[in-house]
Amino acid sequence: MKHLITVPLFTALIYLIIGMAAQTVNAGSKNLMPVNVPLIYKQECASCHMSYAPALLPKESWTEIMNGLQKHYGTDASISQQEMMQIASWLNSNAGTYKRVKEAPPDNRITKSGWFEKKHRKISSREFLSPAIKSPSNCNACHKNAEQGNFDDDEVRIPK
Ligand code: HEC
Ligand code: HEC
């Protein structure tokens with residue numbers, strides 16, 4: 001009787017561990033962008049740069065970004081209070097929760113996250129600033145499906 005209970009429990013535990021491990025390493029092979037992106041996010045947050053998937057930063061970072069739009073990385077990106085609340089709520093409910101995104105990176109930059117630096121350590125800063133790329137923040141210069149939040153390494157091409 002005892003045996004009959006422990007086996008399924010053990011199996012469930014194994015599945016849980018595999019599932020958690022897959023979540024932390026597989027961010028590159030699935031679409032991080034939710035399917036229904038609010039139009040307002042595309043309008044207000046994808047005019048100066050591509051639209052970043054909320055899962056690329058923790059809630060804490062999105063909150064700080066949304067509270068400081070008038071001083072946004074050297075520019076003014078402020079919007080109405082109502083739009084701000086609407087976007088912030090969507091970002092927060094879709095923010096990254098998996099292991100590598102759990103801590104807010106310096107300046108709330110995706111590009112200053114530990115995982116980002118590790119995954120891109122072979123790319124020099126000169127390469128990142130080349131005319132075809134301009135900034136590491138331009139994910140879509142190299143990841144053609146970056147707007148869908150797809151960073152699969154089969155779809156990467158560094159423009160020369
Ligand atoms: C007026 C132009 C403008 C608008 C509008 C704008 N941004 Fe930005 N954003 C910038 C600039 C400039 C940077 C810095 C890019 C760089 O360093 O190459 C930036 C950087 C970022 C970064 C950090 C990227 C990195 O390097 O990791 C995030 C996240 C971000 N913006 C989110 C948002 C969100 C959310 C909104 C909408 C509320 C928004 N932005 C609207 C201009 C804008
Ligand atoms: C200069 C080109 C370039 C830019 C810009 C760039 N990447 Fe990458 N990225 C790469 C390359 C090359 C790899 C490594 C692929 C490999 O492992 O062989 C990579 C790997 C990754 C991976 C890991 C994929 C995996 O399967 O392990 C993620 C996630 C990622 N990038 C996200 C981003 C995000 C988010 C941005 C923008 C904030 C960005 N990248 C900007 C070139 C770039």
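Lys119 reaches ligand 2 with a polar side-chain atom, which lies 3.0 Å from an oxygen atom of that ligand. This is a predicted model. His120 has a side-chain N or O atom 2.8 Å from a nitrogen atom of the ligand. For His143, the distance from a side-chain N or O atom to a ligand nitrogen is 2.8 Å.

| Residue | Atom of ligand 2 | Distance |
|---|---|---|
| Lys119 | oxygen | 3.0 Å |
| His120 | nitrogen | 2.8 Å |
| His143 | nitrogen | 2.8 Å |

Now the wider shell. There are 20 residues around ligand 2, and the nearest are Lys119, His120, Cys139, Cys142 and His143. By type, the shell holds twelve nonpolar, five polar and three charged residues. Which helices each supply at least two of the shell residues? They are α5 (114-119) and α7 (139-142). The top contributor is α5, with three residues.

Ligand 1 contains an iron atom. His49 and His72 coordinate this iron, each through NE2, at 2.0 Å.

Is His72 buried or exposed? His72 counts as buried, because its relative accessibility is 13% and the cut-off is under 20%. His49 is partly exposed, at 28% relative accessible area.

Methods
Residues are numbered from 1 along each chain as its sequence is written. Chains are lettered from A and ligands numbered from 1 in the order in which they are written. This is a predicted model: local features need pLDDT of at least 70, side-chain atom pairs count only at pLDDT 80 or more; totals for chains, interfaces and linings use all residues. Side-chain values use heavy atoms; hydrogens and water are left out. A residue is near a molecule or strand if one of its heavy atoms lies within 4 Å of it. A polar contact is a pair of N or O atoms within 3.5 Å; within protein, one must be able to donate a hydrogen and the other to accept it, and residues adjacent in sequence count only if both atoms are side-chain atoms. Helices (H or I, at least four residues) and strands (E, at least two) are DSSP runs, numbered from the N terminus. Ala, Val, Leu, Ile, Met, Phe, Trp, Tyr, Cys and Pro count as nonpolar, Asp, Glu, Lys and Arg as charged, and the others, Gly among them, as polar. Donors are N, O and S atoms within 2.8 Å of the metal (3.2 Å for Na, K and Ca); water is not among the atoms, so sites may look incomplete. Buried means under 20% relative accessible area, exposed over 50%, partly exposed in between (1.4 Å probe, protein chains only).
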